[in-house]
Amino acid sequence: MKTNKTLLSTAVAFSLLTSIHQAHAAGFQLAEYSATGLGRAYAGEAAMADNAGAQWRNPAMLTYLKGTQISVGAIYVNPNIDVKGEVRHPMLGNSSASSEDFAHDAIIPNLYISHRYNDQLAIGFALGTNYGMETELSKDFTASHFGNEASVISKEANLNLAYQLNEQFSIGGGVRYIVAEGSFGATAPAKNVVALHPVTNQPISVPQGTTLKYMEGDDTAWGWQLGSAWQINQSHRVGFTYKSEVELKLEGHAEGIGFGFGTPQLPQLRDNGYMLLTLPATAELASFHQLNEKLAMHASINWTNWSSFEKLEANLDTIGTKMVKVENWEDNYRFALGATYQWDAKLALRTGVAYDTSAVSDKNRTITIPETDRTWLSIGASYLLTDDLTLDAGFTYIFAKDAKIKESRGYESDDKAQLVGGAFEGEVSGNVWLVGVQASYRF
């Protein structure tokens, strides 16, 4: 059982090859699977076959790779996310509530291997992650009773197989093995009311930082993915891919006075149990168009079934089922357009723009997940260092749309938190810098 405390919101966490890293993404989904795609804002990925990393987004693209290839890289993420607002309580008065730059810098690594077995069959292996996030608000954040920490951390290994049916069509699929852990926490702010004295009717408070709710757990699970490619002609190609939903049963423990622990009625300080978490299904439709010898355009539309993420609920051995946080997310869409320009035989230049829609409505945006629309602006390049070795670099700047947040949102668990520390109204703002490098070798 791992005890990594973090906050479920606009930053993400990724652990690979014994290192733990974090990054920013839509919801807690990671797009940053390669520096190659980063340079075009991940436009057209399901129809691209730059290197062995192509299998991550569409296993069918393995049939477009020659020989044996290995690709390894990393992306550095520098998120700058701020939340600012006010807490109002009828007994405690008003106070400001803000936390600046609460998303951590990160490095996201990846590793891909592909092998063309014969003219029709290709296999591949990949290490990376599709989901993860991590943030932590400041300890003096006065709205911490609605949540001040949470995390979803995942590692994923893929084994993929692709088959070329004929000159036009290829299909592929793979199995996914996921190792994941998650947590969510809420603490008492400096000004709080947890109860009223039965005789004097005066408010009773607890020390700042007292755990109201905390739940953590981990699990392993299996998933799958399918992909296809249609080579319309020599210059135009379409790809489609689908990744399955993955159900996680995060087994661990819960604690906190919000669950009733540490009281005369329930003197125990913690209870074992589990929390269900769904990693949503995704789909991508992408195209690639070679307009002339030097210029190519690519585009994609991505869908993520975030409506499957409805709530975080603790299922505990002793006290039964307790609500941690209502989420009620909605499906997310991403639109991307990119271009590649072959400057000369060795150098290729890339650029791209993308728009991510928010995975939450204005009503369901929370402090713990201040999710909002994002716009990506990207540039990148590839350089053929030798006949077999290619180096890639990509750079992206993400604008996050300013968005309002209001809690309580009218759910019972929110209303109970509001009684403790007051109602919150505020705004989230931010931006993210991404810088990636990749090396690919062909044997």
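Two strands are taken to pair if DSSP finds at least two bridges between them. Strands (E, at least two residues) and helices (H or I, at least four) are DSSP runs, numbered from the N terminus.

The model is predicted: local features need pLDDT of at least 70, side-chain atom pairs count only at pLDDT 80 or more, and totals for chains, interfaces and linings use all residues. Residues are numbered from 1 along each chain as its sequence is written, and side-chain values use heavy atoms, with hydrogens and water left out.

**Figure 1. Strand S17 and its antiparallel partners S16 and S20.** Nine bridges pair S16 with S17 in the antiparallel sense, and a hairpin through four residues joins S16 to S17. Within this pairing, histidine 289 stands opposite methionine 297 in S17. S17 and S20 also run antiparallel, joined by 10 bridges; here glycine 338 in S20 is the bridge partner of histidine 298. Buried denotes under 20% relative accessible area, exposed over 50%, and partly exposed in between (1.4 Å probe, protein chains only).

**Figure 2. The edge-to-face pair of phenylalanine 309 and tryptophan 329.** Rings of Phe, Tyr and Trp (its six-membered ring) pair if their centres lie within 6.5 Å; planes under 30 degrees apart count as stacked, over 60 as edge-to-face and the rest as tilted. The whole structure contains 17 aromatic pairs by this search. For phenylalanine 309 and tryptophan 329, the ring centres are 4.8 Å apart and the planes lie at 80°, so the pair is edge-to-face. Phenylalanine 309 belongs to the loop between strand S17 (295-304) and strand S18 (311-316), and tryptophan 329 to the loop between S19 and S20, so the pair ties together parts that are 20 residues apart in sequence. Both phenylalanine 309 and tryptophan 329 are buried.

**Figure 3. Charges over aromatic rings, with their surroundings.** A charge sits over a ring if NZ of Lys or CZ of Arg is within 6 Å of the ring centre and within 35 degrees of the ring normal. Lysine 249 lies over the face of tyrosine 274, at 4.4 Å from the ring centre. Strand S14 (residues 246-255) and strand S15 (residues 270-279) run antiparallel and are joined by 10 bridges; lysine 249 stands opposite leucine 276 in S15. Three bridges pair S15 with S18, again antiparallel, and tyrosine 274 stands opposite asparagine 315 in S18. Arginine 334 lies over the face of tryptophan 376, at 4.5 Å from the ring centre. Tryptophan 376 also belongs to a cluster in which ring pairs link Tyr33, Tyr42, Trp56, Tyr112 and Trp376.

**Figure 4. The second largest pocket, with a volume of about 700 Å³.** On a 1 Å grid over the protein atoms alone, a pocket is an open set of points where a 1.4 Å probe fits, with protein on both sides within 12 Å along at least five of seven lines; lining residues have an atom within 4 Å of a point. Grid points are joined across faces, edges and corners, and the volume is the space filled by probe spheres set on the points. Of the 28 lining residues, Lys213, Gly258, Phe259, Lys416 and Ala417 lie nearest the centre of the second largest pocket. Helix H3 gives the largest share of this lining, seven residues.
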